[in-house]
Amino acid sequence: MTEILRDHGAKLGYDRRKVLSISDHIYRSGERWVLIGANGAGKSTFLRSLLEPDLVLGGERRLSIPAHEIASIPQSPRFSHQMPCSVEDFLIASLSLVLPHARALETDREEEISRVLRAGLWEQRMKMISALSGGQVQRLLLARAILLKAKLYLLDEPFSAVQGSAKRELIELLDEVLPGSLQILALHEAAEIEAVGGSLIRIQDGKTGH
Amino acid sequence: MGSFFLEPFLEFEFLRRAALEAVILGFGFSVVGLVLVTRRLSLIGDTLSHAMLPGVVLAFTVFGPHLLALFFGGWITGFLLLVLAWALFRTRRVEADAALALFAVFSVSVGILIASRTRTTTEILHLLFGNILAVDRTLLMLSAVVAGLTWILFLWHYRAVFMALVDPAFFQQMKRPSYFFILGLCALFAANLTVGFASLGAMMTVGLLIVPSLVGRSLGKSPLQMALIAFAFSAVISVLGVLVSFHLAVPSGPAIVCLACAGLALIQVFRFRRFFGPEVDLS
């Protein structure tokens, strides 16, 4: 499987203050890694550092894909609730940013969009995104991440507000795109960690360990 | 009815021009207002208007009271300000509104200093406070070009504008806009505001910029709908406002803005009734 991320003596932190030493490892597509550790241990820092190179203070961290092939779900997504936008429009507009030829896309991908929406968002597809609950927003972002067919998924507590049955459907969708992607999740609930599977990265005392 | 609605327009060309100018302004503003309202930058217009002073004063001293010269003076200053504020905002040390306020106060003080050393007259105030009843053909054409360009760019990059407003973080990650595009956007914003100031004046421009967009936001279900509703609303309000100002012999700009606010209030009252009514959706 192709290499996606290579860490060699990487150190992460904010404003030149070191927070986390990363153990050396090569991550490849088809792998799923789960970050575990206490609150504030640095799980989110690990994920954010892959989108914000400023957080890498030293050592080597090589990402072999461009930013637009990364799908990220931050812990607290910040949309503008000021803008009227329906769930379906949100997905179509997001995809057309990444793939050119927006018009061709609407017909080609319609089926795929509706399939992803069936995982708990079907009734909400015409709703305004500002009217969605926290769990629905998480499902929407995950649906978008899956539609993007990204090479690297960075998921920070993606199920924290999602109910049990929908969680399983979302994990199934993640399983489907796993062969072509590297997935890194931050989780803290034991049941979720078990349901998701994958190898664990423990973060403790400012260090990561596999 | 006819004597109220038609006769003033048939009789006076300056009224026709004023109404047309307000409608054209509302066309461009419907897009600009959409961006400002959703990015919480509603008062940027007011800030920019004062900040245009140095450019306007300089243009006046060099070229005299030529509308085009004053327009370009104000436009270039507004453009530079937007670019500087954007550059500062990009460092992530300062929020967008604070960055704009910072450069604006600096610019105003420079403007006042320059003005105090030159002989300034009411022509400059004319550009800053505007008079829509005195709009001439040049300003009409200028406004039409600016509004047309604004809509062309909006429709051309519709999806990108949409995403940039709904989910800025995603937009930044997926499609970092080119510097050229950002500069173009700043130039277009400044141009829209400058033609607004020249005809409506600073304060009233903010009114025509923000109020229709708020109406559009509360009724529209997509950015395009929002912009179209805002334009339709501002067009109706503009024509009515010019008529009311003529019949009551009051200034046009404030009449338009007062009517717009009343219209917004009326729409919100109807929405409130629906909100508290039996069809509340609690899902």
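Student: Is the crossing in which H2(A) passes H4(A) left-handed or right-handed, and what makes it so?

Tutor: H2(A) passes H4(A) in a right-handed crossing, a term used when the near helix is turned clockwise from the far one by less than a right angle, anticlockwise being left-handed. This is a predicted model, in which local features need pLDDT of at least 70 and side-chain atom pairs pLDDT 80 or more, while totals for chains, interfaces and linings use all residues. Residues are numbered from 1 along each chain as its sequence is written, chains are lettered from A and ligands numbered from 1 in the order in which they are written, and side-chain values use heavy atoms, without hydrogens and water.

Student: What angle and axis distance describe the packing of H2(A) and H4(A)?

Tutor: The angle is about 30° and the axes lie 10 Å apart, where axes are lines fitted to C-alpha atoms over the stretch in contact and angles run from 0 to 180 degrees between N-to-C directions. Both helices are DSSP runs (H or I, at least four residues), and H4(A) covers residues 134-147.

Student: Which residues of H2(A) and H4(A) make the contact?

Tutor: With contact meaning heavy atoms within 4.5 Å, H2(A) brings A:Val87, A:Phe90, A:Leu91, A:Ser94 and A:Leu95, and H4(A) brings A:Leu140, A:Leu141, A:Arg144 and A:Leu147.

Student: Why is the pair A:Arg144 and B:Asp167 called a salt bridge?

Tutor: The term requires a side-chain nitrogen of Lys or Arg within 4 Å of a carboxyl oxygen of Asp or Glu; the side chains of A:Arg144 and B:Asp167 meet at 2.9 Å, N to O, and therefore qualify. The count between chain A and chain B is one salt bridge.

Student: How much area do chain A and chain B bury between them?

Tutor: About 2300 Å², 60% of it on carbon and sulfur atoms, is the accessible area (1.4 Å probe) lost on putting the two together, summed over both. A:Gln82, A:Met83 and A:Leu97 supply 33% of the area that chain A buries against chain B.

Methods. Helix = DSSP H or I, 4+ residues; strand = E, 2+ residues; numbered from the N terminus.
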